[in-house]
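Trainee: Could you take me through this model step by step, and show me how to read its features?

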Number of protein chains: 2
Amino acid sequence: MSQTTSSPYDEPMPHSAPLDRTATISDVARLAGVSVPTVSRVLTGAARVSEDRRRRVDKAIAALGYRPSAAAQVLASGRSTTIAILAANTSRYGYAEAIRGVEESARAAGFAVIIVVVESERDDEVRAAADAVLRQSVAGVVVLKFDPPGVAALKALQSAIPAVALSGVPEAGVPQAVLDESEAAAALTEHLLSLGHSTVHHVRIPPSGKEDGRTTGWRLALQRHGIPTPPIEDVSWDVSTAHEIGVRLASDPAVTAIFCGNDETAMGVIRGIHDTGLNVPDDISVVGFDDHPLAPMFIPALTTARQDFAELGRHGTAQLLALLKGESPLALETVEPPLVFRESTALPSSRRR
Amino acid sequence: MSQTTSSPYDEPMPHSAPLDRTATISDVARLAGVSVPTVSRVLTGAARVSEDRRRRVDKAIAALGYRPSAAAQVLASGRSTTIAILAANTSRYGYAEAIRGVEESARAAGFAVIIVVVESERDDEVRAAADAVLRQSVAGVVVLKFDPPGVAALKALQSAIPAVALSGVPEAGVPQAVLDESEAAAALTEHLLSLGHSTVHHVRIPPSGKEDGRTTGWRLALQRHGIPTPPIEDVSWDVSTAHEIGVRLASDPAVTAIFCGNDETAMGVIRGIHDTGLNVPDDISVVGFDDHPLAPMFIPALTTARQDFAELGRHGTAQLLALLKGESPLALETVEPPLVFRESTALPSSRRR
DNA sequence: AAGGCTCCTGAAAGCGCTTTCAGTGGCCTT
DNA sequence: AAGGCCACTGAAAGCGCTTTCAGGAGCCTT
């Protein structure tokens with residue numbers, strides 16, 4: 001068996017999954033009393049068909065419950081009406097929202113979407129993902145370049161196919177939609193500083209490579225104020241690691257303000273602080289990022305920066321669709337997330353330091 | 001233009017999306033010095049090929065970076081290695097997790113997955129979704145029967161294609177994977193009752209039709225104790241509606257215990273109660289459902305019932321794959337979610353009632 | 001009346017594969 | 001030595017569509 005393909009059915013498929021025989025274009029043609037190309041023409045609108053025949057075809061289509069086969073169409077025309085979403089994850093907040101946005105606009109434009117996930121940046125996995133995308137004859141792909149697997153997968157595609165990236169860090173030369181995170185991160189950090197905190201600690205979520213915009217913004221803001229950057233705390237996507245870090249940071253009296261990579265992490269950190277008997281924001285201020293739907297419900301409600309991932313997905317898809325039509329890529333529109341101030345930040349406590 | 005099809009490209013596609021010309025099977029055959037069928041045979045493993053030729057073919061495949069076209073394969077073989085996920089939503093917790101589970105097992109089995117969402121139960125939308133699934137020549141479909149659109153879409157498929165449903169309520173005769181929610185809901189309600197609460201109010205999330213297992217379980221538990229069911233409060237998926245209801249319920253001194261349809265709703269309700277100056281669980285006990293990742297981080301941490309939606313998705317996919325192989329559907333395994341007791345429930349307050 | 005258009009139509013080819021089907025050669029049996 | 005089998009292979013057909021391409025019909029022009 002070749003390496004590039006292996007049947008999902010283990011045996012020579014005695015029990016494979018034969019597609020139900022449904023009406024084909026020639027059934028329609030026969031019933032309507034026209035030729036196959038004529039049916040094709042009313043289907044695709046590629047050429048004019050007389051009113052009379054068109055009506056007969058439409059009737060036959062309805063009568064047979066005919067649906068053109070996407071596979072046959074792509075094969076014959078060399079054009080596809082399917083796009084792929086390439087992502088490292090499908091269920092985490094930002095990812096799921098971005099996917100929702102992509103799906104929505106794809107559907108609105110008449111495109112089907114296949115989703116392929118690449119869990120790690122391991123070479124074979126990345127290649128498998130790229131293969132999967134390429135094998136499916138999709139018109140284009142939107143890749144969630146939020147993390148190393150995403151970055152690797154995009155690279156593996158080698159522009160063998162129209163692709164646009166969804167990202168948090170602007171980058172030149174690549175078709176992409178970006179939510180500029182660094183400015184908002186900087187603003188959030190400044191907010192904490194302006195409250196009187198002498199420094200801001202950072203709990204970093206898994207980055208997309210070198211450094212993501214959130215961390216960069218934080219670093220920049222501290223730099224602007226000539227404040228040395230405290231050591232970064234890293235969390236995994238598992239919120240319990242954030243909890244542990246919250247406990248640990250609470251034990252350090254130098255910590256009065258914390259900037260977390262996202263809201264879930266902020267909640268974990270706050271809960272950790274809470275479990276040591278300290279209070280947020282009285283003892284320690286904490287900010288998150290994203291404005292997760294639960295951020296306003298948390299007690300204390302989170303100060304954070306709103307990210308519209310679904311909109312990012314829609315932008316990216318629009319970008320891709322434009323690219324497919326041969327239009328010049330839309331202007332690189334970087335949206336700066338608005339800050340939302342709630343309850344998790346306050347003046348530094350006199351009890352600490 | 002026909003109703004069943006409309007090109008996503010508005011014009012006669014001068015600027016359409018031509019697929020990049022890549023190596024085809026005959027390129028491989030030529031380079032390897034064998035016939036096309038031979039290449040096909042090494043690809044699919046459908047018949048034996050001499051060691052010598054197989055090696056030459058593999059080499060040619062690698063040299064050309066050849067990838068078989070899924071569209072051509074499905075067309076020629078009448079068999080598909082793609083499954084569809086049909087869902088009303090892709091980003092809400094339970095949905096996203098279920099989708100993740102489906103995608104994981106599909107990928108493990110070598111299947112690609114396309115995702116089609118049906119937002120409402122409106123007839124045209126449901127039909128469009130069913131059409132989309134059917135047009136794609138997928139081997140089968142997993143439908144998230146969590147809500148009315150899901151139910152309607154499943155019906156619209158009319159078993160024109162192998163399908164399994166993911167659901168919270170067991171139902172006979174349909175291939176499905178179910179997470180039996182009613183027992184856990186009843187147990188949660190009993191828990192509240194056993195704490196001494198004289199009744200339990202229910203905040204219901206959008207149901208899947210008649211009544212979902214969560215509401216049923218709650219109703220059953222009250223019935224068992226001969227307690228009349230208080231009026232149900234309905235929330236939308238928007239957490240702010242839960243917040244409003246929390247505020248409202250807090251103003252009713254008869255309310256000392258609340259069973260919420262899911263954890264997000266519970267958090268909204270708790271926050272609403274909190275905003276009226278009351279405390280959970282001292283004044284009012286609240287339970288959620290799902291054991292959302294943030295449930296243990298919330299303050300107070302939520303008492304809830306754990307739902308493994310990803311596992312549900314995996315089960316459903318296994319079910320579908322078995323069905324495709326012609327095997328008898330796996331035993332209907334209904335998993336009863338384990339309860340997890342945390343901080344949001346307590347004895348009834350003497351200050352109320 | 002002849003030529004030239006414009007419209008509309010069907011025949012035929014072909015997209016990239018898989019799947020009969022008919023060999024071909026080698027190796028065993030009798 | 002003849003017959004049978006088996007393992008392997010390529011020619012050809014065909015999956016359900018789209019896309020030339022070559023007409024035929026009708027209508028204007030000259």
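This is a predicted model: local features need pLDDT of at least 70, side-chain atom pairs count only at pLDDT 80 or more; totals for chains, interfaces and linings use all residues.

Trainee: How is chain A related to chain B?

Mentor: In general, two copies of a chain are related by a rotation about an axis and a shift along it. Here a rotation of 180° with 0.0 Å of shift along its axis places chain A on chain B, with an RMSD of 0.0 Å, and that is the relation of a two-fold axis. The same surface serves both copies, since 100% of the contact residues of chain A recur in chain B.

Trainee: Which residue of chain A comes closest to the rotation axis?

Mentor: That is A:I114, whose C-alpha lies 1.9 Å from the axis.

Trainee: Into which domains is chain A divided?

Mentor: Domain 1 covers 25-68, domain 2 is made of 82-179 + 309-335, and domain 3 covers 181-307. Taken over C-alpha atoms, the centres of domain 1 of chain A and domain 2 of chain A are 36 Å apart.

Trainee: How many salt bridges are there over all chains, by the rule used here?

Mentor: The count comes to 48 salt bridges over all chains, and a few cases show how to read them. A:E103 pairs with A:R107, with the closest N and O atoms 2.8 Å apart. Both belong to helix α5 (residues 93-108) of chain A, and because they are four residues apart, about one helical turn separates them. A:E103 is buried at 4% relative accessibility, whereas A:R107 is partly exposed at 29%.

Trainee: How does the salt bridge between A:R248 and A:E233 look?

Mentor: Its closest N and O atoms are 2.8 Å apart. A:R248 sits in helix α10 (residues 239-250) of chain A and A:E233 in strand β7 (residues 233-234) of chain A, so this pair ties together parts that are 15 residues apart in sequence. A:R248 is partly exposed, with a relative accessible area of 45%, while A:E233 is buried at 16%. Salt bridges can also share partners, and in this way A:E97, A:R100, A:E104, A:E311 and A:R314 are joined into one network.

Trainee: Is A:T90 buried or exposed, and why?

Mentor: A:T90 is buried, because its relative accessible area is 7%, and the cut-off for that word is under 20%. A:T90 is placed in the loop between β1 (82-87) and α5 of chain A. Leaving out residues up to four places away in sequence, A:T90 touches A:Y95, A:A96, A:I99, A:I115 and A:V117, as well as B:A96 and B:R100 of the other chain.

Trainee: Where is the cis peptide bond in chain A, and what is its omega?

Mentor: The bond runs from A:V280 to A:P281, with omega near 10°, and A:P281 is found in the loop between α11 (263-275) and β9 (285-287) of chain A. In chain B, a cis peptide bond joins B:V280 and B:P281, with omega about 10°.

Trainee: What is the phi of B:Q158 and of B:D291?

Mentor: B:Q158 has a positive phi of about 50° although it is not a glycine, and B:D291 has a positive phi of about 55°, again without being a glycine. B:Q158 lies in the loop between α7 (148-157) and β4 (163-167) of chain B and is exposed at 62%. B:D291, by contrast, is buried at 10%, and its place is in the loop between β9 and β10 (304-305) of chain B.

How values were computed: Residues are numbered from 1 along each chain as its sequence is written. Chains are lettered from A and ligands numbered from 1 in the order in which they are written. Side-chain values use heavy atoms; hydrogens and water are left out. Domain bounds come from an automatic or database domain assignment. A salt bridge is a side-chain nitrogen of Lys or Arg within 4 Å of a carboxyl oxygen of Asp or Glu. Helices (H or I, at least four residues) and strands (E, at least two) are DSSP runs, numbered from the N terminus. Buried means under 20% relative accessible area, exposed over 50%, partly exposed in between (1.4 Å probe, protein chains only). Contact means heavy atoms within 4.5 Å. Copies are superposed by least squares on the C-alpha atoms of residues with pLDDT of at least 70 in both.
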